[in-house]
Amino acid sequence: MSKPNINLEELLKEGIISKENADDIRQYYQSKNEGSSNRLFLVFGLLGAVLVGLGIILIIANNWDSFSKVTKTVLAFVPLVIGQGFCTYSLLKMPDNKTWREAASSFTFFAVGAGIALISQIYHIQGSTAEFLLTWMLLTLPLVYVMNSSMTSLLYILGVSYYATELGYFDYPTKEPYLYWLMILAIMPFIVRLQSRLPSSNFVRFHHLFLGLSLTLVLGAFTQSDTKLVFLNYLGLFSLFYLHGHLYRDVGSAFYRMFGGLGAIVLLVVLSFNDFWNFLLNRSVNWVESPSEPEFWILLIVIGAHIFLLTLLFLRKQLDVYNPLMYVYPVVLPIYFFGFANPGMFIFINFMVLVIGVLTILRGNKENNIRTLNFGLVIITALVICRFFDSDIPFTVRGILFLLLGGGFFYANHRMLSSSR
Amino acid sequence: MKKTGKAIIFFILIAVVQWAVMGKMIYDQTDIRKSGKAFLFEIQPIDPVDPFRGNYIILSFKENTIAKKDTMEIWRNGDKIYLALEKGEDNMTKITEYSATKYSNDQDYLQAKVDFTTLDGALRIRYPFNRFYLDEERALRAEGNFFNRSDTSETPSYAVVYIHKGNASVADVMVEGASVLE
């Protein structure tokens, strides 16, 4: 334990601080130290519980055919009993000890999965991996609330995402995992409460990260054989992340801005290829049949969410005209639908990416932010590299363009670094 | 303290549900085996791995299509279908009839799904069972035995499946006359 580098007794004697002040200061440093050692315990406790839990699942996956059926069935319940015992103990004896709660709950999470797996194995219970995951997640969701365990909540989000991808991408035949939305909705009250109680904790940060990645992973599962709207919907999702990151300033917002911005740019670069628009050109949106497709509903929801977020940003005067990533979706939306019937739309997208790159560089320069500046340069470089794939510009011209771009990087970074010194 | 009491009650409820769900899984299977009748389904085993539940052999069945009664009937992929079963002369199970509704209990039947309609208008059946868990060594041996058997082999390879009120429980898999569990 480190002591504050000031002599409290001396300050007290000289009358600089009162006795109460001295006690307060002592207590403050004491609790601060407890906090950091607690966090270390929490990390190790969780790591231990997760590793042991995973270990049990792996051992079980080995099939223990040498044991009798009864022995195996009893063994299936042993991890569960141990986990439930730990949970009961921590609830009764140390309801305020976070490390115990989190570790016991995470262990029980895995014990439930191991139990279901082992019983399925012993009794040859049929069913896909998706069905197995669904049962597992439904049985462990209440643990999150009763044990008030953030780690179990994160594991639950992982499990639910795994379930949705299994069902939507890998199962035969694949189905849209509609239940995913309900299951994510079921964990939202916990996340909202966590965010309001400990707004700057690492667990909140991880929840944002997991939710963002999970949505990105699962959105594509809501696509039937025709994939004409999927690019638009993904662009919408990234744009929503970006807007959300600007609207709400909390521990998650930096991640949402970074992830949303990067995702939108990557998609725009894909859309800048003429080949993509040729693929789109021969299709059409059937306005009579489309409403029965999940992609169409996602499109409507994404548009609605944009109207909502953009209005809020406007009312709060947070809408930045010089930040094109804020309105990239409303601009691409009509171009995309125009592209179903008209060739040449890729020209608009190329122009757009160029404008975004230039404006980002200018913004980085104005705000004296070297990261934004380089992001802008990367956008333009990506665009130039891609255009070289589908054009027949002579090598010498390409070479000169790259030299200019490289020089631009050096110049811009050098100028910013020397001006900040 | 009051809050802890409530949490404990909720926790006990959760624990009971966790036990009950797993118990029900076991009960359902034992009930089918106790009250049901054994049927033999001729098979072709292969050997994949499930990340959670370990090695198993996939069972694909020889008796897997049935001609439509009326070519105008419409069955979508994944539709529920009830199959009337009977033992053939070789003791293997044959599908004698099918229906979109349950049969009465004096008829042996199985609830399955339509996999797809074949080009010549027959229904391909997806049985509600297709895996049998085995450790890796035995799974590989079963697969090897199956593929190494002679072409003229008279002994069929089959799954022993108990069936009760339309529900199934796989009890054993025999390859070349021997249980894969041995």
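This note goes through the predicted model point by point, from the two chains to single contacts.

1. Basis. This is a predicted model, in which local features need pLDDT of at least 70 and side-chain atom pairs count only at pLDDT 80 or more, while totals for chains, interfaces and linings use all residues. Residues are numbered from 1 along each chain as its sequence is written, chains are lettered from A and ligands numbered from 1 in the order in which they are written, and side-chain values use heavy atoms, with hydrogens and water left out.

2. Chain A overall. Chain A has 16 helices and 0 strands. Helices (H or I, at least four residues) and strands (E, at least two) are DSSP runs, numbered from the N terminus. Of its 421 residues, 48% are buried. Buried means under 20% relative accessible area, exposed over 50%, and partly exposed in between (1.4 Å probe, protein chains only). Among contacts in chain A with a separation of 6 or more, 72% join residues 24 or more positions apart. Contact means heavy atoms within 4.5 Å.

3. H12 against H13, chain A. Two packed helices are described by the angle between their axes and the distance between the axes. Helix H12 (residues 294-315) of chain A packs on helix H13 (residues 328-338) of chain A at about 150 degrees, with the axes 11 Å apart. Axes are lines fitted to C-alpha atoms, for helices over the stretch in contact, and angles run from 0 to 180 degrees between N-to-C directions. H12(A) and H13(A) are therefore roughly antiparallel. The cut-offs are under 35 degrees for roughly parallel, over 145 for roughly antiparallel, 65 to 115 for roughly perpendicular, and oblique for the rest.

4. Residues of that contact. From H12(A) come Leu299(A), Val302(A), Ile303(A), His306(A) and Leu310(A); they meet Tyr329(A), Pro330(A), Leu333(A) and Phe337(A) in H13(A). By class, the contact of H12(A) with H13(A) has 8 nonpolar, 1 polar and no charged residues. Ala, Val, Leu, Ile, Met, Phe, Trp, Tyr, Cys and Pro count as nonpolar, Asp, Glu, Lys and Arg as charged, and the others, Gly among them, as polar.

5. H9 against H13, chain A. Helix H9 (residues 230-247) of chain A also packs on H13(A), at about 170 degrees and with the axes 10 Å apart. H9(A) and H13(A) are therefore roughly antiparallel. Phe231(A), Leu232(A), Leu235(A), Gly236(A) and Ser239(A) in H9(A) meet a set in H13(A) that includes Val332(A), Leu333(A) and Tyr336(A). The contact of H9(A) with H13(A) counts 9 nonpolar, 2 polar and no charged residues.

6. Leu280(A). Leu280(A) sits in helix H11 (residues 274-281) of chain A. Its relative accessibility is 0%, so Leu280(A) counts as buried. Leaving out residues up to four places away in sequence, Leu280(A) touches Lys228(A), Tyr336(A), Gly339(A) and Phe340(A). Leu280(A) and Asn342(A) are 62 residues apart in sequence, yet 9.6 Å apart in space, C-alpha to C-alpha.

7. Chain B overall. Chain B has 2 helices and 12 strands. Of its 182 residues, 46% are buried. Residues 24 or more positions apart make 63% of the chain B contacts with a separation of 6 or more.

8. A sheet in chain B. Here 5 strands form an open, antiparallel sheet in the order S4-S8-S7-S5-S6. Strands S4 (65-67) and S6 (93-99) of chain B are the edges, each pairing on one side only. Two strands pair if DSSP finds at least two bridges between them. Strand S5 (residues 80-87) of chain B and strand S7 (residues 109-117) of chain B pair in the antiparallel sense over 5 bridges. The bridge partner of Leu83(B) in S7(B) is Leu110(B).
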